[in-house]
Amino acid sequence: PNYIYDVPPEFVIPLSETTCETGETVILKCKVCGRPKASITWKGPDHNTLSNGSHYSISCSDLGEAYLKIIGVTTEDDGVYTCIAANDMGSISTKAGLRVLGPGSDGIMVIWKDNFDSLYSEVAELGRGRFSVIKRCDQKGTKREVAAKFVNKKLMKRDQVTHELGIMQNLQHPQLVGLLDTFETSTSYILVVEIANQGRLLDYIIQWGNLTEGKIKLYLREILEAVHYLHNCRIVHLDLKVNWAIFFFLRKPK
């Protein structure tokens with residue numbers, strides 16, 4: 001006799017990365033198999049469950065093809081989308097990013113990854129601002145130290161963060177930390193940057209007391225070189241003070 005077994009769902013064709021312009025209609029699609037037939041759930045960049053309406057259209061075919069149509073895409077639709085397939089035997093998911101280019105993002109290409117916790121371990125808080133928290137983190141495996149800026153999604157929009165990233169991507173100077181990676185969680189945008197691991201200038205002054213004129217000249221020259229570079233890039237630093245100046249030696253000082 002022929003036996004037909006129930007099996008958990010499996011994605012035959014997973015979601016793929018997609019790029020589009022604002023105002024377009026885009027379709028995200030994948031294909032799933034399994035027995036009994038799997039039910040499909042779609043989740044957006046904020047991890048909320050999506051449903052049919054004027055902006056989203058969700059459908060499935062008899063062949064297991066799952067579709068999410070986004071009508072009139074805006075930059076707020078930019079992010080990672082998840083399709084979840086589930087039946088009585090189990091569940092599985094597939095994820096992919098939708099990159100929306102438009103006036104709000106200046107065409108800046110940013111890949112928002114969603115696996116920060118699998119790549120980095122949080123070690124300690126370094127500082128806190130109005131919109132974000134800076135933490136020292138270790139890269140798993142290599143143990144490389146980095147700084148991660150966690151930007152609160154409730155306080156800053158994606159376009160604002162993307163604008164900041166666009167500025168950082170174009171800055172190249174020895175006295176400025178560089179951008180390494182970008183991630184997104186349900187609550188934060190995460191900017192991973194090089195860490196200035198020699199401490200703050202303010203802490204150095206407090207620890208060692210009076211500084212010699214030679215050291216003051218050295219530190220001021222390096223700070224002013226960085227500020228001059230920013231000004232040449234038509235960028236103004238609006239919060240320059242001693243407790244934001246930090247030491248970062250890529251090589252041994254002469």
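Modeller: A residue is called buried under 20% relative accessible area, exposed over 50%, and partly exposed in between, using a 1.4 Å probe and protein chains only. This is a predicted model, in which local features need pLDDT of at least 70 and side-chain atom pairs count only at pLDDT 80 or more, whereas totals for chains, interfaces and linings use all residues. Residues are numbered from 1 along each chain as its sequence is written, and side-chain values use heavy atoms, with hydrogens and water left out.

Biologist: Is T94 buried or exposed?

Modeller: T94 belongs to strand β8; helices (H or I, at least four residues) and strands (E, at least two) are DSSP runs, numbered from the N terminus. The relative accessible area of T94 is 8%. Because buried means under 20%, T94 is buried.

Biologist: Which backbone nitrogen does the side chain of T94 reach?

Modeller: Contact means heavy atoms within 4.5 Å, and, leaving aside neighbours within four places in sequence, T94 is in contact with residues including F11, P14, L15 and C83. At 3.1 Å, the side chain of T94 reaches the backbone nitrogen of L15.

Biologist: How many helices and strands does the protein chain have, and what share of its residues is buried?

Modeller: The secondary structure comes to four helices and 13 strands. Among contacts between residues at least 6 apart in sequence, 61% join residues at least 24 apart. Of the 254 residues of the protein chain, the buried share is 34%.

Biologist: Which residues make up the covered face of β4?

Modeller: In a regular strand the side chains alternate between the two faces of the sheet. In β4, the uncovered face holds S39, T41 and K43, and the covered face holds I40 and W42.

Biologist: What is the bridge partner of W42 in β7?

Modeller: Two strands pair if DSSP finds at least two bridges between them. β4 and β7 pair in the antiparallel sense over five bridges. The partner of W42 in β7 is C83.

Biologist: How many disulfides are there?

Modeller: A disulfide is a pair of cysteine sulfur atoms within 2.5 Å. By this rule the count is zero. C60, for instance, is in no disulfide, since the nearest cysteine sulfur, that of C83, is 7.2 Å away. The number of disulfides is therefore zero.

Biologist: Where does UniProt place the feature "binding site", and which side chain makes a polar contact of 2.8 Å with that residue?

Modeller: The unreviewed UniProt entry places this feature at K149; such annotations may be inferred rather than shown by experiment. K149 lies in strand β11 (residues 145–152) and, at 23% relative accessibility, counts as partly exposed. A polar contact is a pair of N or O atoms within 3.5 Å; within protein, one must be able to donate a hydrogen and the other to accept it, and residues adjacent in sequence count only if both atoms are side-chain atoms. At 2.8 Å, the side chain of K149 makes such a contact with that of E164.
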